[in-house]
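Subject: Structure handover

Hi,

Here is the structure I promised you. Please open it alongside this email and follow the residues as you read.

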Amino acid sequence: MTEQKVAVVTGASSGIGAATARRLAADGFEVVLTARRTERIEALAKELGGRSYTLDVTDRAAVDAFAAEVGRVDVLVNNAGGALGAESVEQGDPADWRAMYEVNVIGVLHLTQALLPALRATGDGTVLIMSSTAALAAYEGGGGYVAAKHAVHSVAQTLRLELVAEQIRVIEIAPGMVKSEGFALTRFRGDQDKADAVYAGVAEPLTSEDIADTVSWAVTRPPHVNVDLLVVRPRAQAANHKVHRVS
């Protein structure tokens, strides 16, 4: 009997992370959910028949303890991340930039380093890194987030080069405009009007489930198929700065 494959999803308490956990569970994976919001991931893990671990990906000691306990890992979905603020580079708060770098970049480093031994042990591991179209093109007011996601993109490229001789795939998914739970609201520090304005007039921004669908497709390709970079945007968004809006 084949042992059930295990997928670890970070930032799984809401939005893309939660949708990805649901989709991978439907694909037959045992899902391991990590996030800082304990009640949310415990409830979702119970719903999906998975496991939950309260985890701050910026805390290396906690990440190492998690890695020592989790056991088998076939897929790591590095999803935890986010944006803070939309100030210009001139006006940006260094504390916000530091926080974004810690969760978006150092968090990916922590989980990847800690779980690579488990991924190797399966003989067919997958590291998936959730970046953003901000990783590929700058936009005004996005300085700190753009810088962090460009770094994440570089991490994915470098890791793929370094692991090319091993049975481990490195996949990067770069979503464009996604109307996911909490992303814009967190960015604008709870200002609902500013958060709503991001999606105003856009007929169909992407949903968290759309991104979860791309994750599912990418990680379930045959082992010899690596999706290096998958950019996914809504039809109404041709570029970060070019969005069709209707009144």
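Asp-74 and Arg-72 meet through their side chains in a salt bridge, 2.7 Å from N to O. A salt bridge here is a side-chain nitrogen of Lys or Arg within 4 Å of a carboxyl oxygen of Asp or Glu. This is a predicted model, in which local features need pLDDT of at least 70 and side-chain atom pairs count only at pLDDT 80 or more, while totals for chains, interfaces and linings use all residues. Residues are numbered from 1 along each chain as its sequence is written, and side-chain values use heavy atoms, with hydrogens and water left out.

Asp-74 counts as buried because its relative accessibility is 3%. Buried means under 20% relative accessible area, exposed means over 50%, and partly exposed is in between (1.4 Å probe, protein chains only). Salt bridges that share partners join Glu-3, Arg-72 and Asp-74 into one network.

Now take the other link in that network. Glu-3 forms a salt bridge with Arg-72, and their closest N and O atoms are 3.0 Å apart. This pair links distant parts of the chain, 69 residues apart. Glu-3 is in the segment before strand 1, and Arg-72 is in the loop between helix 3 (60-70) and strand 4. Helices (H or I, at least four residues) and strands (E, at least two) are DSSP runs, numbered from the N terminus. Glu-3 counts as exposed because its relative accessibility is 51%. Arg-72 has a relative accessible area of 28%, so it is partly exposed.

How many salt bridges does the structure hold? The count is 13. Another one joins Arg-22 and Glu-47, with the closest N and O atoms 3.2 Å apart. That pair also links distant parts of the chain: Arg-22 is in helix 1, Glu-47 is in helix 2, and they are 25 residues apart. Arg-22 is partly exposed, because its relative accessibility is 39%.

Helix 1

Helix 1 covers residues 15-26. Its twelve residues should span 16 Å at 1.5 Å a residue, and its end C-alpha atoms are 17 Å apart, which agrees. The expected span is 1.5 Å times one less than the number of residues.

Is helix 1 mostly covered or mostly uncovered? It is mostly covered, with nine of its twelve residues buried. Among them are Gly-15, Ile-16, Leu-24 and Ala-25. The cover over the buried residues includes strand 1 (6-9), strand 2 (30-35), helix 2 (38-48) and helix 8 (208-219). Contact means heavy atoms within 4.5 Å. Just after helix 1, Gly-28 takes a positive phi of about 105 degrees.

Cavities

Rolling a probe the size of a water molecule over the atoms shows where empty space is left. On a 1 Å grid over the protein atoms alone, a cavity is a set of points where a 1.4 Å probe fits but cannot get out; lining residues have an atom within 4 Å of a point. Grid points are joined across faces, edges and corners, and a volume is the space filled by probe spheres set on the points.

By this rule, there are two cavities of 30 Å³ or more. The largest cavity has a volume of about 70 Å³. It is lined by 15 residues, and the closest to its centre are Leu-84, Gly-85, Glu-87, Trp-97 and Gly-144. Helix 4 (94-122) and helix 5 (143-162) each supply at least two residues of this lining. The lining divides into five nonpolar, six polar and four charged residues. Ala, Val, Leu, Ile, Met, Phe, Trp, Tyr, Cys and Pro count as nonpolar, Asp, Glu, Lys and Arg as charged, and the others, Gly among them, as polar.

The second largest cavity has a volume of about 30 Å³. Its lining includes Thr-10, Val-57, Asn-78 and Leu-111. Helix 4 gives the largest share of that lining, four residues. The lining has five nonpolar, four polar and no charged residues.

Val-146 lies in helix 5. It is buried because its relative accessible area is 8%. Val-146 touches Ala-134, Ala-137, Ala-138 and Tyr-139, not counting residues up to four places away in sequence.

Ala-184 lies in helix 6 (residues 183-187). It is buried too, because its relative accessible area is 5%. Ala-184 touches Ala-195, Val-198 and Tyr-199, again leaving out residues up to four places away in sequence.

Best wishes

Methods
1 Å grid on protein atoms, 1.4 Å probe; cavity = no way out; pocket = protein on both sides within 12 Å on 5 of 7 lines; lining within 4 Å.
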